[in-house]
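My entries follow in the order I made them.

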Amino acid sequence: MVEYGLQWSSTGHKGPINCISFTEDGSYLASGSDDGHVLVWAMQDGSLLQRLKPKQGPVVAVKWFTGGPPHSEPSTKVCYLLSAGANGTVVIWCFNMTLALFEWVHMETVFDSAIECVTLDETHSVLAVATLGRIATYQLSKSNRLAMHLLQVHPPLSQSRLPSLPISAHFSDRGHTLMVAFLDSREIVAWDITPWKQLWHQKIRTRIGSMAYHDGTKMLLVWNLIDGFDAYQLVDEPNNRLLHIRHFRVKIRRNRICQLQFDLDGKTVITGSDNGRVVVWDISTGKQLQVLHHSEELYGVQVVNYHALQFTKHYIASGSSDAGEEQSLLRLWSTEVPSTQLNRTEQESLTNNVPTPIACRHIAILLLMVSFFMGFISFQVYSRPTAYFRDGL
C-alpha cells in the first residue's frame with residue numbers, strides 16, 4: 001500500500017469547486033467553479049498560472065486533451081483545455097508555446113439548458129455532453145484547426161426530452177460504448193457509438209448521485225445518496241448486466257453528491273465526503289486504507305480526481321464544495337512508488353517514455369543553461385594564463 005501526503009494547498013476560487021482535471025504529463029491542473037472561472041495551476045508547487053473566464057456561468061466540467069496531425073511526433077502535439085458550463089456551452093482553449101498562455105480558440109452552444117456532465121474518449125476524439133433529458137456526441141477534429149462535428153443527439157431535437165436527469169457518463173469497451181447514469185430513474189443505459197443504438201439498460205436499487213467506471217476490471221461504482229456507495233461488476237448476461245458485489249457504508253449527514261475515482265489498476269477507489277475528508281478504499285475488502293483531511297468537518301469535499309504519472313507517482317486532487325467558504329480550498333496529495341514494485345511492462349514503459357512538449361521545453365532550457373555555464377568556465381580558464389603571463393613580465 002502507498003501512503004499519500006499533502007503536496008500543496010491553494011486558494012483562488014470564490015465559489016464551490018465543481019471539477020478538477022490533470023494533464024497527462026502531470027504539468028498542469030485545471031479547476032472549474034461556481035464563480036464561473038477556470039483556473040490553471042502548476043502541479044509542482046500549486047502556483048496559479050492563469051485565470052480563464054469562459055463566460056458560461058458556473059463551470060461544471062473541465063477536460064484536457066491533445067491534438068495534432070495523425071501519427072505526428074509528441075513534440076508537435078498541441079495541448080487543449082475544454083470547459084462546459086451552466087449556459088449549455090463548451091469552450092476550448094489552446095496552449096500557446098510562445099506566450100506560455102492558454103488562448104480561446106472555439107465555443108460551441110450544445111444545449112439551451114445547463115450541461116450536467118461531460119466525458120471524453122481521447123483515443124477516438126469523441127466528446128459526449130449531457131443535459132436534462134438529452135445527450136449529444138461530437139467528433140473533435142484536431143488535425144489542422146480545431147472543430148466540433150455533431151455526431152448524434154439523443155433523443156433528436158424534434159422529439160421530447162427523456163423524463164430523467166443524466167448525472168454521470170463514461171466511455172467503456174475502449175471507447176466504443178457510452179454509459180450514462182440517470183439520477184432519479186435509477187437507470188444506467190449503454191449505447192453503441194457507431195452506429196448509434198441502445199445496447200442495454202438496467203435499473204438499480206438506489207438513486208445515482210455519481211458514477212465511476214474502470215474499463216480494465218469492468219467494475220462500476222455508484223454513490224447512492226443514502227448510506228455510501230456500491231460496487232457492480234459488468235457481466236455479459238442479457239437480463240442482468242450489472243451484478244452487485246459489495247456495499248461500502250458511509251455515514252452521510254447531508255444529501256450531497258460526492259465523486260468517486262478509481263486508481264490506475266482499479267484496486268482502490270477515492271471518494272469525497274460531507275465532513276471535510278477524502279477517503280481511500282480497498283475495493284476487495286471494503287476497508288478504508290487512508291483518510292486525508294482536506295478541511296474542517298463543517299465543509300464538504302464533493303470533488304476528487306486521481307492521476308498516475310509514469311507508474312511511479314500517484315496524485316489525488318480534492319476541492320471544497322461549500323458556498324460558505326470565502327476562498328474554496330484546492331489540495332493536491334501525492335505519493336511515489338519504488339521502481340522495484342513495478343512489473344516489467346511498467347518499467348519498459350517508464351524507460352521508453354517520450355517527453356511531452358512541456359518536458360522538451362524544460363530540457364531545452366536546461367541544456368541552454370548548461371551550455372552558457374560551460375562557456376563561462378571555458379572563458380575563465382583560457383583567459384587566466386594570459387593574465388598570469390602578463391603579471392610575470
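**Sheet.** I began with an open sheet of four strands, in the order S10-S11-S12-S13 and with antiparallel pairing. Its edge strands are S10 (115-121) and S13 (147-154), each of which pairs on one side only. Neighbouring strands of this sheet are turned against each other by 20° on average, direction ignored. I took strands (E, at least two residues) as DSSP runs, numbered from the N terminus, and two strands as paired if DSSP finds at least two bridges between them. The angles run from 0 to 180 degrees between N-to-C directions, with axes as lines fitted to C-alpha atoms.

**Basis.** The model is predicted, so local features need pLDDT of at least 70 and side-chain atom pairs count only at pLDDT 80 or more, while totals for chains, interfaces and linings use all residues. Residues are numbered from 1 along each chain as its sequence is written, and side-chain values use heavy atoms, with hydrogens and water left out.

**S10 and S11.** I found six bridges between S10 and strand S11 (residues 126-131), in the antiparallel sense. Cysteine 117 has alanine 130 in S11 as its bridge partner. Cysteine 117 is buried at 9% relative accessibility; buried means under 20% relative accessible area, exposed over 50%, and partly exposed in between (1.4 Å probe, protein chains only).

**Cysteines.** How many disulfides are there? I counted zero, taking a disulfide as a pair of cysteine sulfur atoms within 2.5 Å. I checked cysteine 94: its closest cysteine sulfur is in cysteine 79, 8.0 Å away, which is too far for a bond. Cysteine 94 is buried, at 18% relative accessible area.

**Histidine 294.** I located histidine 294 in the loop between strand S25 (288-293) and strand S26 (303-309). Is it buried or exposed? Histidine 294 is buried, at 0% relative accessibility. Its side chain makes a polar contact of 2.7 Å with the side chain of serine 318. For a polar contact I required N or O atoms within 3.5 Å; within protein, one must be able to donate a hydrogen and the other to accept it, and residues adjacent in sequence count only if both atoms are side-chain atoms. Leaving out residues up to four places away in sequence, histidine 294 touches residues including Arg277, Ser318, Arg331 and Trp333, with contact meaning heavy atoms within 4.5 Å.

**S26.** Seven of the seven residues of S26 are buried, so this strand is largely enclosed by the rest of the structure. Val303, Asn305, His307 and Leu309 are buried on one side, and Val304, Tyr306 and Ala308 on the other. S26 pairs with strand S27 (residues 313-319) in the antiparallel sense over seven bridges, and the bridge partner of histidine 307 in S27 is tyrosine 315.

**Salt bridges.** I counted six salt bridges, each a side-chain nitrogen of Lys or Arg within 4 Å of a carboxyl oxygen of Asp or Glu. Arginine 207 forms one with aspartate 184, the closest N and O atoms being 3.2 Å apart. Arginine 207 lies in the loop between S17 (197-203) and S18 (210-214) and aspartate 184 in the loop between S15 (177-182) and S16 (187-192), so the pair ties together parts 23 residues apart in sequence. Arginine 207 is partly exposed at 26%, and aspartate 184 is exposed at 53%.
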